[in-house]
Amino acid sequence: MFAVGADGDKRAIKWSDQDDNTDWTATTTNLAGDKSLESGSEIIGWTRARSRVYLFFTDSSVHEMVYTGDDFVYAFGQLGAGNGLVGPNAVIECYGITYWMSHGAFFMYDGFVKPMQADDIRDYVFGDINEQQLDKVVTGTNAEFGEIWWLYPSSSASEVDRYVAYSTRDGGWVTGTLVRTAWADRSIFSNPLAAGTDGVIYDHETGTDDAGSAMESYIEAAPMEMNAGNRLVDILGFVPDFDDLVGELSVEILTRDTPNGTLTTSDAFTVDGDSERIDTRESGRQAGYKITSDEVGGHWRMGLMRFDVQPSGNRR
């Protein structure tokens, strides 16, 4: 049995004797003990990382506590600095790897502490997060799809209103808006369950709609340079590739001539299960696309989109 913040020391970890959980005083004849962590102002949270290994997090560091079975019972070690925990529920273990949200970064532990590659979403998350409400950050897993979720309040919100999710399968990230204050992955129940601020427990990963209303979904590919940006290209069409497509999708082509130039959005092209090729007349030095669905009962899975792109000219 552990006690954190024992005897008024916010960095202290204390454990009872293994044979008597009412005996907390360390002697030469029992296995009770205590440890005050060396860094940080207080312990924010902890988790079991793997067999015999626990991680304790302060606001600025993470510490490893390993069961040794000898007279000292546990061995402690600090695993770097600047990798503390933002809130008590901002850490989770999934299949032997621990993931957590720190201040301005995400980290993982697989026997060693490693920063997670999050350049694409770091500014989006940490540039718009309520620093006064970090204790409300919630972490959850969606193990069926290999996902780690953090739900957090944006800078203008006092409750959780956004999420950022990491794929353990391909290292990708997604962001979005969602009001959930607690999360439990599938176990006894067949789907993940999450609580909202409205007092409702929501059943996730079931159906395709939002309580009978359409659930908007989209994928946006950022504009990429064509031919190293040295010349204009014409986008003459694309061949849709979607599995299990139910309903219609909207595809827009995004173009611009320079990285800081104005982004031009084409007309929306409608795609359904019978679409083979869609003709377009767009041009630019950079090109991307956005695919959107907003239909009741709509469902789709993206395959490999193919575009008909040809060199145009060097000037404009």
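Student: Which element gives the largest share of the lining of the largest pocket?

Tutor: In this predicted model, the largest pocket has a volume of about 2,400 Å³. The elements that contribute two or more residues to its lining are β13 (147-152), β14 (162-167), β15 (173-177), β18 (201-203), β19 (217-225) and β27 (299-302). Among the contributions to this lining, the largest share amounts to 5 residues, and the element that supplies them is β15.

Student: How many charged residues does the lining of the largest pocket have?

Tutor: The lining comprises 46 residues, of which W149, Y163, M215, E216 and S217 lie nearest the centre of the pocket. Divided by class, the lining has 18 nonpolar and 15 polar residues, while the number of charged residues is 13.

Student: Why is one side of β25 and of β28 left without a neighbour in the sheet?

Tutor: The sheet is open and antiparallel, with 3 strands in the order β25-β20-β28. Because β25 (278-284) and β28 (306-311) stand at the edges, one side of each has no neighbour in the sheet, and what each of them has is a single partner strand.

Student: Which residue in β28 stands opposite V233?

Tutor: Strand β20 covers residues 233-239 and pairs with β28 in the antiparallel sense over 6 bridges. Opposite V233, the residue that stands in β28 is P311.

Methods. Residues numbered from 1 in each chain as written. Predicted model: local features only at pLDDT ≥ 70, side-chain atom pairs only at ≥ 80, totals over all residues. Heavy atoms only, no water. Pairing = 2+ DSSP bridges. Helix = DSSP H or I, 4+ residues; strand = E, 2+ residues; numbered from the N terminus. 1 Å grid on protein atoms, 1.4 Å probe; cavity = no way out; pocket = protein on both sides within 12 Å on 5 of 7 lines; lining within 4 Å. Points joined across faces, edges and corners; volume = space filled by probe spheres on them. Nonpolar A, V, L, I, M, F, W, Y, C, P; charged D, E, K, R; others polar.
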